[in-house]
Every structure is written in structure tokens, then in C-alpha cells.
Amino acid sequence: MGGVALDDGPTGVKAPDGGWGWAVLVGCFVITGFSYAFPKAVSVFFKELIREFGVGYSDTAWISSILLAMLYGTGPLCSVLVNKFGCRPVMMVGGLFASLGMIMASFATSIIHIYLSTGVVTGLGLALNFQPSLIMLNRYFSEKRPLANGLAAAGSPVALCCLSPLGQVLQYNYGWRGGFLILGGMLLNCCACGALMRPLLPPKKLKSLEESGDGAVQEQKKPQPKKRLLDFSVFKDRGFLIYTIAASVMVLGLFVPPVFVVSYAKELKYEDTKSALLLTILGFVDMFARPTCGLIAGTKWMRPKTVYLFSFAMIFNGCTDLIGSQATTYVGLVVFCIFFGMSYGMVGALQFEVLMAIVGTEKFSSAIGLVLLMEAIAVLLGPPGAGRLLDATHNYMYVFLLAGCEVTLSAFILAIGNFLCIRKKQKEPEAKMEMAVTAAETEELRRSEDNEDSEVVHKGQNGKAGEVVNIVKGAVEEIKEGSPETSL
């Protein structure tokens, strides 16, 4: 009572890998589904909007583009808010914004109003939910984190398979205004998901120790530096720089095939229903590929090599694009969508897991915001650039070839960068941690010896000092045991 509970991940807290973490996972699953599927689901209403406002397809396409730009581009803003207020309050406010935007859009009188309400307000609300949910998932899971990431990422294809048909039903029965209003009410579930993000509490023994006000504990406490709202020191990390470059190149081509595959089928003279079925096939395969990949990545043998599994997933995706560019029949496109769904699901399950492994829990809230900002630029350049190439060549083959080359290049950047620049420094941080722990333990032992020398004067306090030493040493061991294994 009387203050905001900041979820900064206090020192000594070990990820429970279960318990309330499963409730956090459910919330993250729903939030991920809304965040990634909503920009695509809104496209169901585009024909009605064109008829209502007398605009073209390119004008309505800006709605989805603005939504995605807000989701990615506001990453640093989300990081600042999370570091200042905590994940739960930010997500609750974000849920209100997401709902309010769609409700406002249902009363729109021009396409500009839709841009501002659905694109900007709802996009900002989804962004304020998506990033904090991943941060909380990272804090609640360590050993089972790859599986948790895979299950949470599966929310995207599941929501897409549900929201698109639902949007068509709403449009048919209530029109686009009624549909927007109902979807706005559904987005209030983001507030419920935000309420699940309960901050982790420190161990009881450390908490009771701090509350006791013991003199030795007061000596142990040191003035903590003021926490940065956005930690740019992550750019000093080679692993983070390599990951950011690779992810930005990957995003240039990753979202291109799902955007153009339906148009490609129509270009080959297949009917609309058969063409739209391709995305359903892709999403269905993606739905099972994400948790399966997370399960594989969480095995003891694969966990230290997650970055190479991620690189393989990107190569798999890029090669699928390159081979799929030669498809000229509907069967060929179906096969392409099956393999693309598998590789796309692997990438979706691993992308944030690898970032978590690189930067750690403490800096993840700032790192993900900066990465999403860089990816926002690539998201805005990728599909429009592919569209210009299509206008110039009038051949979808070149579009898929370009996307495949970009994704494959990103895989080589990550794998080679990890092998040459990061792997050599693998043992150095561990050595530094060992030295730091040894120094801390030595200092505590020295203090306990000094207290023993003054046993006659302070006999009662010496017993407490010994307890303090044992508790602090136990907490240090918990921290060492709780650190996740990673090759990065």
C-alpha cells in the first residue's frame, strides 16, 4: 500500500521456473497474440473502409503499417516506462490505450481518424503490453526459458487463426464500426494479462535480515547508483551489437513472403479462397513449430548452442524463400508455406531467447527496446522495398529471392560473429564473477574475525554477525546457481 511495486529483479532472486510463472506465461501468450495478429486481422475491414471513405488500398494499408511501426518503434519509450514504474502498471495503462483506440476508431469520420486512433493509440497500447510481458517472462523462467518463449510465441499464429475469421463474422453482422467497438472491448483483456505480472519478491531470509536493521547488515549495504531509465551501455556488448545488426537485416526479408504469397497465388490465376488458404496453412504449421522448437532449445545439449540453432533457423527460412521463388503451381506454393511456417516458427521462438541469453535479465528491458527500434526501421523498409522491386520487374520470383538472400545473410552475420567475436570471451565474465564473489566472501570473513576479537564487549552481536556471514554466503551461492548457461 502507498507505492508502486517495482519489479526490478532484486539481487538474490532466483527464477522460479514455474509456480506463478505459468500464469505469467498465459498472459504473455495472449499479449503476443494480440500484438502480432491484430495488425493483420484489421485488414479484414479494409474493403468496408475503402467503400466508406472513398480511399484506395494503399491508403488503408497504412493502418497496419502504423500499427507495426508503433509496436516496434516505441521500444525505447517502453523501456523507460518499465524501468521507472515497473511492468504491471505499464501493461495496465497499455491495455486501456489499446481498447480506447479501437473504440475511438468506431466513431471515425475520415481515414485520418483511423490512422490516429487505431494506428497510433492502439499501436502504442499494444507496444506497452508486448515488451513488458517478455521482460516478466524472462524474470520468471531460467532453465525452462526456451520452452516458455516458444509457448508464448505460439500466441501469434493462434490469435491470427482466430481473429481473422472473427473479424469477418463481426463485419458481416455488425459492420466495421460495430466490429471495431467489439474488438476494442476484447483488447481490455490486456489489462487482465497485465494484472498477472506480479513482481518477484526477494528471498525471505534476506528480506527479514534487511528489516532487522542489524549493524553488520548496515555495513554490508552500499549506496546503489541511480538506475538508468534507458541503459545504452548494452552497445558496449559485442554480442548485443552483432545480434542487433543480424536481426535488422533479417527483418528486411522475414515478413515479405507472408505479405506477397497470396498475391503470388492470385497472379498464377488461382481463386481467392484457395489463395487465402495458403496463409492458414502457414499459420497452422507455425502454431506447432514454435513450442516444439522451444522444447528442443531447452535441452541440456542444445541450450549452450542456442545461437547456432537460431542461425540454422534463419538459414532454413532464407533457403525456403530461395527455393520457393521457383514455385509455379499451387502444390508448390503449399509445400513452400509448410516449410516457411516451420522455419518462421523456429525464428519466432528463438529470437528473444537469444537476446535474453546475450544481455541477461538486468539489461534486457533496455536491450529489447533498442533492438525493436532498429527493427522498426527495417520493418518499414522491407515490404515497401519488395513492392518497388515487384513494380519494376513484374515478377514475384525476384521478390522471394531478395527476401531469401537478406535472411540468409543475417544468419551468417550472427553465426560468424558469435564464433569469432563472442565465443573467445566466454570464460572471461565467469572469471570476473568468481573473483568478485571471492572478494565479497573474504571481506565478510574479515569482518566476522574483527567482531570475534571484540567478543568481550559485543558478545551478543557476534552471534548475529556469524549468522549474517552464513546468510550472505548462501545468497551468493544462490545467485551463482541461478545464472543461466549460455554460449554467449
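In this predicted model, a search of the whole structure turns up 4 cavities of 30 Å³ or more. The largest cavity has a volume of about 120 Å³. Its lining is made up of 13 residues, and those nearest the centre are Tyr 36, Leu 254, Phe 255, Tyr 344 and Gln 351. By residue type, the lining of the largest cavity consists of 7 nonpolar, 3 polar and 3 charged residues.

The secondary structure of the protein comprises 19 helices and 0 strands. The protein has 488 residues, and 50% of them count as buried. Among contacts between residues at least 6 apart in sequence, 87% join residues at least 24 apart.

Ser 410 gives a local view of the interior. This residue lies in helix α17, which spans residues 396-422. Is Ser 410 buried or exposed? Its relative accessible area is 0%, so Ser 410 counts as buried, the cut-off being under 20%. Within the chain, a polar atom of the Ser 410 side chain lies 2.5 Å from the backbone oxygen of Val 407. Once neighbours within four places in sequence are set aside, Ser 410 is in contact with Ala 246, Val 249, Met 250 and Met 314.

Terms used:
Residues numbered from 1 in each chain as written. Predicted model: local features only at pLDDT ≥ 70, side-chain atom pairs only at ≥ 80, totals over all residues. Heavy atoms only, no water. Helix = DSSP H or I, 4+ residues; strand = E, 2+ residues; numbered from the N terminus. Buried < 20%, exposed > 50% of the residue type's maximum accessible area, 1.4 Å probe, protein only. Polar contact = N/O pair within 3.5 Å; in protein donor to acceptor, adjacent residues only side chain to side chain. Contact = heavy atoms within 4.5 Å. 1 Å grid on protein atoms, 1.4 Å probe; cavity = no way out; pocket = protein on both sides within 12 Å on 5 of 7 lines; lining within 4 Å. Points joined across faces, edges and corners; volume = space filled by probe spheres on them. Nonpolar A, V, L, I, M, F, W, Y, C, P; charged D, E, K, R; others polar.
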